[in-house]
Amino acid sequence: MMVKTVLLLLGFACVKALSELVDAPWHVGVGIADCTGPAAEVVMMGYADNNHKTAGIHMRLYARAFVFVDPSSRDRMAFVNVDTWAATEAVIQGVHEKLHAWFQGRYYSRNNLIIAGSHTHHGPAGASAYMLFQFSSNGRVQQSLDALIDGISEAVWLAHHDVRPAEIFIGNGMVDNSTVPNCPMPNCASRNRSPTSFLMNPEQQRKKYFGDDNVDRNMDLLKIVDAKTGKAMGSLNWFAVHPTSMTSDYHLISGDNKGYAAYAFEQEMNGPTWVQPAGRGPFVAGFAQGVSGDISPNTRGVYCKNTGESCENQWPVCWENGQPKNELCLGQGPGRDKYESMKIIGERQVTAAKTIFERATEPLGTGISHVLRYVDLSKYWVDTTGNGTWVQTCRPTLGSSFAAGTTDGPSGINEFAQNMTPSNSFFQ
């Protein structure tokens, strides 16, 4: 009789729990975990500089996971924003294997798990299996790979077990002085670092995507609220800007401007670190990367290190003894040094996110769908004219300008420059 009573009570409890879950338009869980990696004598990933090695920690790196569940269909997906250069294939495979073991093949697969790197250039390298991305790190660094796999997997695990009835609101706005009061314009938190190259695009395409501008300044944001308590659980936004406020002259591990933005938003919502240590939630803020391409945080422009003059020219390079030097042309952020610039750009993203967060009142629609498709881009047919002129792509190559780097991080290989054909016949 006791066993039947217990089972009956458990049955009522399950039915009650399920009915409560279905009442909310969404079920959402958030989680955050450390993925910092080795902090000494490991090359950092991003600037392709084998002298750019870790020598301590400016701020820890985190994986921030958001699990979204449709209460009607039980379909779900997980989005993880990670303080790392990129979600490499090795990382994705490692996380998939770990989650497959933990959840016994249920809930998460490559089809419904999105891992997105913030693109910071101040995290440990060696987490890719591809040769191109192992040049500077001299091969794979297992500690770097393990830290990312473990941190991302733990964040998803925590988010999975945090799932509860929730409401999601969507908002968007420009990161300019409409969301960041008194922000210097036109380059509040981002700037096109290759404006000359941008003008090589057809005018019709430039107008279509950017109007009279040359930068995507839009921030899209999700506001996640506990359906029962009305308390904010998290926020996830997408804004395009490179986390390259800090150059390869700095050797401390850092999430750069996006990592700082997430930390600052979380601290404001969770309380100071002596009340709630960083990286513990409960509010989780993801500052995900948009289409950052040539969008730089160095909003003041580019200047020659040797003369202080602008090097905003066709190439862009500075000249020394009649020779072009890409290493001397550097982007300048809004601060007195790179640390201050990183903080300012991060704070401007936070201010914009908070403004959009507070204004977000439009409920997100219901239903989840996901599509994963693999395409061999070296054997892809393209109609170049729209009139049936089909051509096939070929194997990918890197243009010589790639070797110049950018004004956020010039290569120092001065034979190369943007928009410039090398004079050396070997490189030609």
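Residues are numbered from 1 along each chain as its sequence is written. In this predicted model local features need pLDDT of at least 70, side-chain atom pairs count only at pLDDT 80 or more, and totals for chains, interfaces and linings use all residues, while side-chain values use heavy atoms, without hydrogens and water.

User: Which residues does UniProt place under "binding site", and why do they gather at one spot?
Analyst: The record is an unreviewed entry, and such annotations may be inferred rather than shown by experiment. The positions span 124 residues in sequence, yet no two of their C-alpha atoms are more than 7.0 Å apart, so they gather at one spot.

User: Is histidine 119 buried or exposed?
Analyst: Histidine 119 sits in the loop between strand S6 (113–117) and strand S7 (123–124); strands are DSSP E runs of at least two residues, helices H or I runs of at least four, numbered from the N terminus. Buried means under 20% relative accessible area, exposed over 50%, partly exposed in between, with a 1.4 Å probe and protein chains only. At 18%, histidine 119 is buried.

User: What is the relative accessibility of histidine 242?
Analyst: Histidine 242 lies in the loop between strand S11 (232–239) and helix H6 (256–270). Beyond four places in sequence, its contacts (heavy atoms within 4.5 Å) include His119, Arg193 and Asp408. Histidine 242 counts as buried, at 5%.

User: What volume does the largest pocket have?
Analyst: A pocket is an open set of points on a 1 Å grid over the protein atoms alone, where a 1.4 Å probe fits, with protein on both sides within 12 Å along at least five of seven lines; lining residues have an atom within 4 Å of a point. Points are joined across faces, edges and corners, and volume is the space filled by probe spheres set on them. The largest pocket has about 1,400 Å³.

User: Which element gives the largest share of the lining of the largest pocket?
Analyst: Strand S17 (329–332), helix H7 (338–359), strand S21 (405–406) and strand S22 (409–410) each give two or more residues. The largest share is 3 residues, from S17.

User: How many residues of the lining of the second largest pocket are nonpolar?
Analyst: This pocket holds about 440 Å³. Nonpolar covers Ala, Val, Leu, Ile, Met, Phe, Trp, Tyr, Cys and Pro; Asp, Glu, Lys and Arg are charged, and the others, Gly among them, polar. Beside 7 polar and 2 charged residues, the nonpolar ones number 12.
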